[in-house]
Amino acid sequence: MTAALCVLGALLVQVMLVNRLPLPAGGAPDLVLLAVVAVALLRGPAAGVVAGFCAGLLVDLIPPTAHLMGMYAFVFALVGYVAGRGIGGTVTTVVLCVLIAPLVAAALGGLVADPRVTLETLTERIPVSAVYTLIVSPLVIWLITRERPRPRLLK
Amino acid sequence: MRELQRARLFLGVLLTMSLVILTVDHRAGVASPLWPLRSAGSWFFGTVERIGGSVARPVGGFVAALVNAPGAQAELDRLKTENAKLRAGLASNRLDAVRSTELRKLLGTAGLGGYKIVTASVVARRGQPGFEDAVQIDVGTRDGVRPEMTVLNGEGLIGRVVQVSSDTSTVVLISDPASAAGARLEGGQEIGVVHGVGENGRLVRFRLLDSTAPITRGGRIVSFGSQRGAPYVAGVPIGVIERVEATPGELTRIAYARPYADLTALDVVGVVVRAPAKDPKDAVLPREPQVAREAALPRARGGQPRPRDRQGAVSPRKEGAR
């Protein structure tokens with residue numbers, strides 16, 4: 001329940017607030033990705049996959065949207081699994097997830113011949129937003145490590 | 001180990017499911033069986049966003065003010081200069097003319113071109129997660145908005161409506177790489193296509209279909225208009241050519257234009273619910289580009305109350321002064 005609310009809250013804040021900020025270099029941090037990573041880190045891979053899939057479906061549904069449905073369901077289910085299994089420590093996992101998510105999305109976009117996925121997307125847009133997401137990610141890592149000793153509160 | 005096996009099973013099932021959804025949506029297009037789900041989501045979350053928009057706006061405005069703080073001093077100086085000019089205008093009893101210009105700008109592009117518009121506010125924006133550049137506005141079918149309608153603001157073209165629910169609608173911006181709008185060079189019949197290039201709307205790509213046509217920096221482009229004004233009505237200002245790319249041996253020429261509308265910070269927009277009866281040609285373009293270029297230069301002759309100079313200063317966001 002808490003996890004679902006977290007993801008939904010992150011998504012609404014993302015489209016209503018964060019994306020509308022005219023930040024320098026024209027990118028924005030991806031809060032939904034961080035929320036999925038956080039849920040997966042706390043609950044393990046199985047819950048991470050399910051949470052990621054549901055979050056992804058919501059991402060595909062919440063307006064304004066102009067991409068195909070199922071795209072982010074795929075990406076976030078994968079991210080949920082990777083974050084749930086964990087690779088090295090928490091920090092490594094978060095950084096890795098932040099880096100692979102846009103690349104998987106771009107690859108999927110390329111597969112269905114999305115005109116939005118171009119070389120410029122790969123060289124300009126994705127790095128900028130990855131950097132913004134990494135800047136915000138310490139907050140998420142802090143939230144997780146803080147809750148670690150008493151994870152029951154979240155369940 | 002048990003947990004990991006279960007996770008792998010979930011992963012396999014859910015990844016397959018999302019790929020199936022993706023394929024169905026991709027192949028079926030508008031006739032997709034997922035359409036009811038999508039419109040239900042659009043209706044529900046659109047309403048949430050519309051209600052939450054009033055809460056989110058002041059916060060966004062505050063952060064925008066912080067981000068723009070470095071430019072605030074320049075803006076202050078500019079406003080001071082403008083103030084001095086307006087005073088001079090008052091002294092020489094020409095304020096009426098200025099006010100008339102201001103009012104005309106206020107009444108806007110719509111009045112000039114004869115477009116019938118419905119005004120709306122932006123309540124949400126996409127950019128992350130996703131590669132599209134789209135916004136959600138707080139008008140829908142109840143206000144007469146339908147898909148494939150042109151969206152503009154007081155400065156220029158914004159985009160087109162792609163999906164409508166009862167109270168909100170989704171607009172794909174001209175900066176979206178998947179959008180293409182017919183465009184025309186000012187004062188001629190040279191036509192081309194404007195594509196978005198991402199970059200959060202700072203530039204759009206203009207592909208001129210005639211490679212021999214003269215095209216230079218500072219040239220201005222307006223929308224060419226489509227049949228029956230859908231999705232784009234004719235004569236809406238799009239932008240100013242910023243740089244022209246050398247494309248030797250190609251059939252088309254490519255230039256990059258800076259949109260008149262500030263696509264990075266959108267707030268109040270208008271949806272054209274009825275196109276003008278006649279193409280307004282270049283009538284809607286802001287006047288006298290050379291004045292605006294003067295405005296971008298250091299202001300050597302700040303206090304002179306020349307009416308043309310003043311007009312350039314009234315609309316500084318359009319040209320260069322940003």
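**View 1. Confidence across chain B of the predicted model.** Chain B has a mean pLDDT of 75, and 76% of its residues reach 70 or more. If you compare its elements, strand β5 (residues 169-173) of chain B has the highest mean pLDDT, at 91. Helix α6 (residues 307-314) of chain B sits at the other end, with the lowest mean pLDDT, 39.

**View 2. Residues 291-322 of chain B, with pLDDT below 50.** In the model, this stretch still has 62 contacts beyond near neighbours in sequence.

**View 3. The fold of chain B, with six helices and twelve strands.** Of the 322 residues in chain B, 40% are buried. Take the contacts in chain B between residues at least 6 apart in sequence: 63% of these join residues at least 24 apart.

**View 4. Where chain A meets chain B.** The contact draws 52 residues from chain A and 57 residues from chain B. On the side of chain A that touches chain B, the elements giving two or more residues are α1 (2-16), α2 (31-43), α3 (45-61), α4 (71-85) and α6 (119-147) of chain A. Sorted by class, that side of chain A has 33 nonpolar residues, 13 polar and six charged. For the complex as a whole, the predictor gives an ipTM of 0.82 and a pTM of 0.75.

Terms used:
Residues are numbered from 1 along each chain as its sequence is written. Chains are lettered from A and ligands numbered from 1 in the order in which they are written. This is a predicted model: local features need pLDDT of at least 70, side-chain atom pairs count only at pLDDT 80 or more; totals for chains, interfaces and linings use all residues. Two residues are in contact if their C-beta atoms, placed from the backbone, lie within 7 Å. Helices (H or I, at least four residues) and strands (E, at least two) are DSSP runs, numbered from the N terminus. Ala, Val, Leu, Ile, Met, Phe, Trp, Tyr, Cys and Pro count as nonpolar, Asp, Glu, Lys and Arg as charged, and the others, Gly among them, as polar. A residue is buried if 20 or more other C-beta atoms lie within 10 Å of its own, exposed if 12 or fewer, and partly exposed in between; C-beta atoms are placed from the backbone. pLDDT is the predictor's confidence in each residue, from 0 to 100.
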